[in-house]
Amino acid sequence: GEDPVHPQHPAVCVEEEPAHLEPGVYIENLMKVYRHGKKLAVDGLTLGFYEGQITSFLGHNGAGKTTTMSILTGLFPPTSGTAYILGKDIRTDLSAIRQSLGVCPQHNVLFSMLTVEEHIWFYARLKGLSEEQVSAEIEHILQDTGLPHKRCSRTSTLSGGMQRKLSVALAFVGGAKVVILDEPTAGVDPYARRGIWDLLLKYRQGRTIILSTHHMDEADILGDRIAIISHGKLCCVGSSLYLKTQLGTGYYLTLVKKEAEPSLSSCRNSSSTVSFTKKVGSNLAFTYMNIKGNNRIVVHT
Ligand SMILES: Nc1ncnc2c1ncn2[C@@H]1O[C@H](COP(=O)(O)OP(=O)(O)O)[C@@H](O)[C@H]1O
Ligand SMILES: [Mg+2]
């Protein structure tokens, strides 16, 4: 039969869109072909991201996460298709979109000679806040990041985790309504990672947050919805519960024996299934065993 873990034709699995929420970002049939190497990086992506939610954008290295996010932020244009941010088209309304957009790129872009406070000031002024609004914003961000003691430190003297946390917080400066975070916790120590999670949960209300990651646990814990892409295509999107009920198939336990077992040799070359029932406590558990080549036994309960 078909291997349940690796179906040959994975169907796109999409949960019904949350009708009571506004889509802060809507990507429509987006395509990106890089000129160098004729690489199809994003392949007909259609996907909504909703206000008041964190949407985890999960995918392997090279899946097209950064490319999608770079198109949303206007770094380069789509080959075809488009996206709407707060109803505005990225092909025509980019300068209006940028007023309400916050971004944390995959690699930190901090100015090593500026202090933490100066960074917040700089980004807040760029977003058009007045001097008075800026000083209030500086206090808020310093509190929320737990960096008041680093106020006057140059960012080059901060730990990697603190630098990343500051970069994430800067994306929210000036009340950005749509916030795009490209792997905000990649390469960050566990303590700073938890700090970043708390920051995102605190800032989620009233915002559309897109968070790319390849940590499954993070996608699960933070994401109100999880969108999984692979090779530029959408594989599935929905709440954690929906994805688990649709795709979860119990637990797999793979055992590999060192020595060949004579009794198994007859089925070594043909993937065969052995079924048996086993009494576990008062429940009758049904188990089937898949015995594959090289004495590999997959137990599916
Ligand atoms: N500037 C570029 N020129 C050509 N190919 C690129 C460029 N940037 C990314 N790619 C390719 O596009 C694909 C998607 O990359 P990317 O969007 O960075 O994926 P992810 O962020 O999910 O790891 C990869 O195969 C990558 O090699
Ligand atoms: Mg990337």
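**Figure 1. The largest pocket of the predicted model.** A pocket here is an open set of grid points with protein on both sides within 12 Å along at least five of seven lines. The model is predicted. About 730 Å³ of space lies in its largest pocket. The lining counts 29 residues. Nearest the centre of this pocket lie L101, G102, V103, C104 and Y123.

**Figure 2. Elements around the largest pocket.** Several helices and strands give two or more residues to the lining. The helices are α1 (65-72), α2 (94-98), α3 and α5 (160-170). The strands are β7 (101-104) and β8 (178-182). Strand β7 supplies the largest share, with four residues. By class, the lining of this pocket has 14 nonpolar residues, 12 polar residues and three charged residues.

**Figure 3. Helix α3 against helix α4.** Two packed helices are described by the angle between their axes and the distance between the axes. Helix α3 spans residues 116-126. The axes of α3 and α4 are 9 Å apart, and the packing angle is about 130°. From α3, the contact takes V116, E117, I120, W121, A124 and R125. From α4, it takes E131, V134, E137, I138, I141 and L142.

**Figure 4. Helix α4 against helix α6.** Helix α4 covers residues 131-145, and helix α6 covers residues 190-203. Their axes come within 10 Å. They cross at roughly 130°. Helices α4 and α6 are therefore oblique to each other. On the α4 side, the contact residues are I141, D144 and T145. On the α6 side, they are L199, K202 and Y203. The contact of α4 with α6 divides into three nonpolar residues, one polar residue and two charged residues. I141 of α4 meets α6, and I141 is also part of the contact with α3.

Figure 5. Rolling a probe the size of a water molecule over the atoms shows where empty space is left. The structure holds one cavity of 30 Å³ or more. About 30 Å³ of space lies in the largest cavity. E183, T185, A186, S212, T213, H214 and H215 line the largest cavity. Five of these lining residues are polar, one is nonpolar and one is charged.

Definitions and conventions: Residues numbered from 1 in each chain as written. Chains lettered and ligands numbered in written order. Predicted model: local features only at pLDDT ≥ 70, side-chain atom pairs only at ≥ 80, totals over all residues. Heavy atoms only, no water. 1 Å grid on protein atoms, 1.4 Å probe; cavity = no way out; pocket = protein on both sides within 12 Å on 5 of 7 lines; lining within 4 Å. Points joined across faces, edges and corners; volume = space filled by probe spheres on them. Nonpolar A, V, L, I, M, F, W, Y, C, P; charged D, E, K, R; others polar. Axes fitted to C-alpha atoms, helices over the stretch in contact; angles between N-to-C directions. Parallel < 35°, antiparallel > 145°, perpendicular 65-115°, else oblique. Contact = heavy atoms within 4.5 Å.
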